[in-house]
Amino acid sequence: MSLILLIEQVLSGLQFGVMLFLMAAGLTLIFGVMGLINLAHGSLYMVGAFAAAAVAGWTGSFALALVAALAAAAAAGALVELLVIRRLYERDHLDQVLATFALILIFSEGTRWLFGSFPLFLDVPAALAGPVMLPGGILYPLYRLVIIGVGLLVALGLFWLIAKTRIGVQIRAGEADREMIAALGVDISKLYTLVFALGAALAGLAGALVGAIQSVQVGMGEPVLILAFVVIVIGGIGSIKGALVGSLLVGLTDTLGGVLLPPLLGIFMQASSATSVGSAVASMAIYILMVGVLLFKPSGLFGGT
Amino acid sequence: MTRETFLNVILFAILPVTALAAFALDEPFIITLATKAAILALAGVGLNIALGLGGLVSFGHAAFFGLGGYAMGILASHAQSYTPLMETPFLIEGTKSMLVIWGVAIIAAALAALAIGALSLRTTGVYFIMITLAFGQMLYYFAISWPAYGGEDGLSIYIRNDFPGLNTLDPIQFFAIAFGVLAIVLFGAGRLAKAPFGLALSAARQNAERVETVGLTPFRIRLVAFVISGAVTGLAGALFADLNRFVSPTMFSWHTSGEIMIFVILGGVGRLFGPVAGAALFILLEHTLGGISEFWQVYLGLLLLGVVLFARGGLIGTIAGREVAHD
C-alpha cells in the first residue's frame, strides 16, 4: 500500500471523526449536565441537513444554508426540550430512551411527510469544490479539509466556552451539583434549554456539513447517532475531552480498518476470503475497540465514577 | 381473582379467539396477523425477563432475535440447496425440522447472550443501554457485510419448515404452533418470576447491596436472567423468520430492538402479560393506522410518548391499576 493512499485515508478518518465529535459533544454535554440520554439527537442532525438542503435549494447560498441548519436544529432542540424533554429529567433511563425513541419516529415520519421519501441533494459550494494539492503531491478534496478545520475550530470554541465563559462555569457547576446551582440563583431550566439547543445546533451543523458529501435523506442521523454513542462510551460519558479523543479514535479505526484489514488478513489466508472476512471484521472494528476499552475502563477513557 | 388476573385471562384469549374467528370467516391474512402478534409477544416476553424482572434495559435484543432468525435461515437454506453446512472436521447438514431449528436458535442466542451479557453487565445505567445497543449494531453490520448468507438482501426460504404431524403452511396450524410456544413460555416465565431465582432477580433490581449481603451474587443472577431472556427472544426470531419465510439483516437493526421494547412498554413493564397486550396493540395499530395513513409511525410515536409521559404502567397498568405488593 502506498503512503499517499494511507495519508488520504487518515485524512478521511479525521474528517469522519471530527463530524462525529460535533454529534458526540452535544450528546455528552446533555448527558453530563442534565443526566439525559437523548436518542433523538440523530433527528436533530437530520433536521439540520434538511433545513440546509431546502434553503440552499431556494437561495442557492451555502452560507445561508448553514445558518438555516444551525437555526432550525437549535429551534427544534429548544422546542423539544420545552415540550417533552424537561418532563424526563427526573425519570429513569428507560423512560428517557423510550420517549426519545418516540421522538425519532415522529421526526422521521414527519420529515418524510414534508419532504417525501426521495433524498435531497446539497451541493458543495463552488469556492470549496475541487481538490487541492497537499505537500507531498497528495490531491485531496478541499471541502473535506474545510470540514476538518471547521470541526477543530468548533472543538476549540467549545473548550473555550466551557473553560472561560460564565455559561461554561454554570454548565460545569450543573454537572457537579444540580441542586446547588439552582439554590445559588441560576435559572436552571433556562440553562437546560440553552444546553439542549446548543447540542442540537452542533448536531444540525454536522448534518448540514455532511449533507453536502452524502445525500440528505430520512434516517440519515441514525447510523451517526449510534457511532456517537460508541464515541461517548469510549471517551467517558459527560467528558468533552473524551468525546474528542473518542471521535478521532472511532473515525480513524473505522476508515483505516476497512483499508488495512483485508490486505493484513491476506498474509494469513487466501486473497478472496481475506477480502470478505476483512470487510466483515472491519465493519465491526469500532465495536471491538469499544469492548476493548470497556474491559479495562468500564466508565470510558475520561469518565469519572 | 384480581383485576389484573381477569385482564390476563382476556388477553390470553384475544389471540386464539381472533385467529379462530378469522378461520371461520376464511380470512387467512388476519390469522397471519394474529400469528405475528403471538411471535412478537414471545420476543417481548423474553425481553421482559431482563427488563421487567431484572431491570436490565437491554437495547440490543435484536441481536438475539436476528440470531434466531439466521439460525433458521442458514439451516433451512442448506437443506433447500442440499449442501452441507460444514464437512470438516465432521459433517453438519442443513435441516427443515422446526424442532431442531428451535434448538439451534435457542442455543445460539443463549451463547451470544452469555458473551454479550458477561461484557455488558460489567457496566450499569446508560453504559449498559449503549453497550447492548452497540453489540446489536455490531451483529447488524456483520450480517450486512458477510456475503455467504445473502448479505444485505437476506435469505429466502421457499417452503416453511416441518413440524411433526402438522401442515405448517396452513395459517391456522402455524398459528397453533406459535401460540402453543407462547403459552408454554408464558407459563414458564410466570413460574420463573415466583421461583427463588425470580425473587432474587427482582431483589437485585431493587437493592443490589442487600442481595449481596445475604450471600448472593447479583452479577451471576443477572447474567443467567440475560441468557434466558436472550434465548427466548432467539426462539421468537426463529419463528418470525419461519412466518415470513425470509430473514434479513433488518432483524438485527436497532429499530427491531426498539420495537421489542415498545411491546413491553405499551403493555406494561414487568407484567407477565404486558408483552402480549403490547404486541397485539402494536399489530392492531400498524394495520388500522397503517391503512389510514402511510405515516402511521407518527401516531405510534405520539402514542408511545403519551404512554411514557402520562400512563406509566402501560395498557395493563392503566386498566388494572397499580401493582399490588401481595396478591
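A residue is called exposed if 12 or fewer other C-beta atoms, placed from the backbone, lie within 10 Å of its own, buried if 20 or more do, and partly exposed in between. The model shown is predicted, so local features need pLDDT of at least 70 and side-chain atom pairs count only at pLDDT 80 or more, whereas totals for chains, interfaces and linings use all residues. Residues are numbered from 1 along each chain as its sequence is written, and chains are lettered from A in the order in which they are written.

**View 1. Asp26(B) in a loop of chain B.** Asp26(B), although not a glycine, has a positive phi of about 60°, and it lies between helix H1 (3-24) and helix H2 (28-53), helices being DSSP runs of H or I with at least four residues, numbered from the N terminus. Asp26(B) is exposed because 8 other C-beta atoms lie within 10 Å.

**View 2. Tyr82(B) in the loop between helix H3 (62-81) and helix H4 (98-120) of chain B.** Tyr82(B) also is not a glycine and has a positive phi of about 55°; with 8 other C-beta atoms within 10 Å, Tyr82(B) is exposed.

**View 3. The contact between chain A and chain B.** Each chain is represented here, with 35 residues from chain A and 35 residues from chain B, where contact requires C-beta atoms, placed from the backbone, within 7 Å of each other. On the side of chain A that touches chain B, helix H4 (93-115), helix H9 (221-235) and helix H11 (271-296) of chain A each give two or more residues, and H4(A) supplies the largest share, 15 residues.

Definitions and conventions
Two residues are in contact if their C-beta atoms, placed from the backbone, lie within 7 Å.
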